[in-house]
Amino acid sequence: MLNRRYVMLGAASIALPLLPFTALAQAYPAKPIRLIVPFPAGGATDILARALSQKLGEKIGQTVVVDNRPGAGGTIGADAASKAAPDGYTLLLATSSTHSIGPAINPKMPYNAETDFTPIGYVASSPNIVLVPNSSPSKSMREFIDHARKNPGRLNYASSGNGTIVHLTTEYFKAESNTFIVHIPYRGTALAMPDLISGKLDVLFDSLVSGMPHVRDGKLRALGVTSLKATALAPGLPPVADVLPGFESVTWFGVYGPKGLPAEVTAKVNQALNAALADADVKERFARLGAETTGGTPQAFAAMVKADNAKWKKIITERKISVE
């Protein structure tokens, strides 16, 4: 009888350390959740985060507070999230800049994008559109490619800076189309717009959000969209992939937690996230920002990011691209 009592006490003492973790998973979330946005307030990522956070909070049953941590192309905020306690109360709204392009182009990142985070869910994707001035002789992607091939080194393109997705997308296009177009970097595509409209520039692979208003106003001509298939976000615009099969370049958004996030918490946030993304109001608000909601499992999200990183790493290596 005495031995049996000791065995029972021993088993209980072994189980005791597990209780706080079980209670955490069952009670989560018991307080507000912080969603780190690694870009400034007022930008597209911030606006998207605020639209998401409200509905995510409703679905998960707790307030989700947006915390802007801008700087170094998203690196500062992402690094802060990677070092947070893995309890589910600090999440990160990451983008292709923080987890695909940044790690591919900068070997000195303060975090490992693949091992220092727990993938939770794919939020949305946003393609670029191909813009040319109204004075351009090209009325389609096929005509533009033919024109560029006949005039190697005589055409130019703008980007929002070295190493940005606008820069990499155009270099990707050049590689796939076998064209030589001269790069002119700007400090943001908004600064390049006057030169594109006036015809000083020949092409710009701009974000859908900032580029489409100029098309609607009749100031620029859109030739195509960089999503793999036609999208309702850009009605009537054919994908570049119609001419260059497989061509795709999108800015993606997704939610991560720090490394070591409990599986139960990951599953709970993923379920709430998918429910929020299925909401008609969220879909409509994202569409106004030029983004299409996605959703899915943590595993599918992680696989997408890994493939995206490999694609950009290949382009960066082959085209000898640096941030300098």
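Predicted model: local features only at pLDDT ≥ 70, side-chain atom pairs only at ≥ 80, totals over all residues.
Figure 1. K313 counts as partly exposed because its relative accessibility is 42% (buried is under 20% relative accessible area, exposed over 50%, partly exposed in between, with a 1.4 Å probe and protein chains only). From K313 to S100 is 8.4 Å, C-alpha to C-alpha, although 213 residues separate the two in sequence.

**Figure 2. A close-up of W312 and the largest nonpolar core**. This core (buried Ala, Val, Leu, Ile, Met, Phe, Trp, Tyr and Cys joined through side-chain atoms within 4.5 Å) has 45 residues, and F144, F173 and W312 have the most contacts inside it. Helix α7 is its main contributor, with five residues. Beyond neighbours within four places in sequence, W312 is in contact (heavy atoms within 4.5 Å) with residues including S100, I101, A104, I165 and L168. Apart from this core lies another, of 31 residues, with A49, L52, V64 and A291 among them.

**Figure 3. Inside the largest pocket**. Here a pocket is an open set of points on a 1 Å grid over the protein atoms alone, where a 1.4 Å probe fits, with protein on both sides within 12 Å along at least five of seven lines; lining residues have an atom within 4 Å of a point. Its volume (the space filled by probe spheres set on the points, which are joined across faces, edges and corners) is about 1100 Å³. Of its 39 lining residues, F39, S97, S160, T164 and I165 lie nearest the centre. Helix α5 gives the largest share of the lining, four residues. By class, the lining has 17 nonpolar, 20 polar and two charged residues (Ala, Val, Leu, Ile, Met, Phe, Trp, Tyr, Cys and Pro are nonpolar; Asp, Glu, Lys and Arg charged; the others, Gly among them, polar).

**Figure 4. Helix α12 at the second largest pocket**. This pocket has a volume of about 320 Å³. Among its 16 lining residues, H99, N112, A113, E114 and N309 are the closest to its centre. Helix α12 gives the most, with five residues, and α5 and β4 each supply at least two. The lining divides into ten nonpolar, three polar and three charged residues.

Note on methods:
Residues numbered from 1 in each chain as written. Heavy atoms only, no water.
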